[in-house]
Amino acid sequence: MGQPVERESGEAAQPDLPPGQRLQRGWPVTHYGPVPKFRPERWEFRVFGATADQEKHCWTHEEFTALPYATVVADLHCVTKFSMVGAEWGGIPARTILELAPPAPSVTHVMVWAEYGFSSNLRLDDFASERSIFATHKDGELLTAEHGFPLRLVVPHLYAWKGPKWVRGVEYMTADRRGFWEERGYHNVGDPWREQRYSYQEEPGDGPEL
């Protein structure tokens with residue numbers, strides 16, 4: 001899904017994009033607020049909330065980037081209607097974090113926390129997708145600060161705002177709770193193939209009351 005297909009003439013067809021999206025050449029910078037300054041000696045990745053052992057798990061930047069590295073080739077669909085296709089994202093799979101710091105059996109959702117208190121909520125199944133990755137690299141190169149260095153979450157099957165830049169940790173939750181943009185009118189789920197852009201489009205069961 002989302003990859004170019006070859007026509008008989010050898011010309012690449014346009015990729016199959018979610019409804020309302022347009023193909024983007026290059027990677028626009030989109031974010032809310034200032035770009036944070038990275039201080040490796042102060043940086044820490046935390047997993048907390050309803051963990052299986054009821055403990056908080058922490059990694060320094062050196063420890064986190066030493067975890068097993070993987071790559072995922074996936075598209076990025078922005079709610080502002082551009083789609084960037086076929087990028088190679090490199091980093092730490094979300095499933096690795098779930099294995100190292102397992103959630104309690106009652107966990108249904110996670111809140112991904114980033115700099116300045118920014119947050120985005122996800123269903124546990126979306127977070128645990130084999131294609132969800134805490135990216136440190138794109139196409140073999142370190143992310144720039146503007147694009148989320150040192151760490152951003154990429155969840156390819158959801159709109160890009162569900163994967164925050166400048167991630168600092170994950171909270172395991174036993175009930176859903178809206179994140180930053182979800183509290184401000186964006187759809188609680190954010191499936192681009194169903195064009196779930198805004199909260200007024202939500203159906204019963206899509207999220208908690210605003």
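One cut-off before we start: a residue counts as buried when its relative accessible area is under 20%, and as partly exposed between that and 50%. Keep in mind that this is a predicted model.

Start inside. Select F45, F64, I97, F127, F134 and Y172: these have the most contacts within the largest nonpolar core, which has 28 residues.

On to the charged pairs. How many salt bridges does a search of the whole structure find? Eight, and we'll stop at a few.

Show the side chains of E115 and R168, which form a salt bridge at 2.9 Å, N to O. E115 sits in the loop between β6 and β7 (119-123), while R168 is in strand β11, 53 residues apart. Both ends are partly exposed, E115 at 21% relative accessibility and R168 at 22%.

Then go to R123 and D126, whose side chains meet at 2.8 Å, N to O, in a salt bridge. Here R123 is partly exposed at 40%, whereas D126 is buried at 9%.

Last stop: R178 and E202, a salt bridge with its closest N and O atoms 2.7 Å apart. Each residue lies in the segment after β11, so the bridge ties together parts 24 residues apart in sequence. R178 is buried at 8%. Is E202 buried or exposed? At 19% relative accessibility, E202 counts as buried, because the cut-off is under 20%.

Key. Residues are numbered from 1 along each chain as its sequence is written. This is a predicted model: local features need pLDDT of at least 70, side-chain atom pairs count only at pLDDT 80 or more; totals for chains, interfaces and linings use all residues. Side-chain values use heavy atoms; hydrogens and water are left out. A nonpolar core is a set of buried Ala, Val, Leu, Ile, Met, Phe, Trp, Tyr and Cys residues joined through side-chain atoms within 4.5 Å. Buried means under 20% relative accessible area, exposed over 50%, partly exposed in between (1.4 Å probe, protein chains only). A salt bridge is a side-chain nitrogen of Lys or Arg within 4 Å of a carboxyl oxygen of Asp or Glu. Helices (H or I, at least four residues) and strands (E, at least two) are DSSP runs, numbered from the N terminus.
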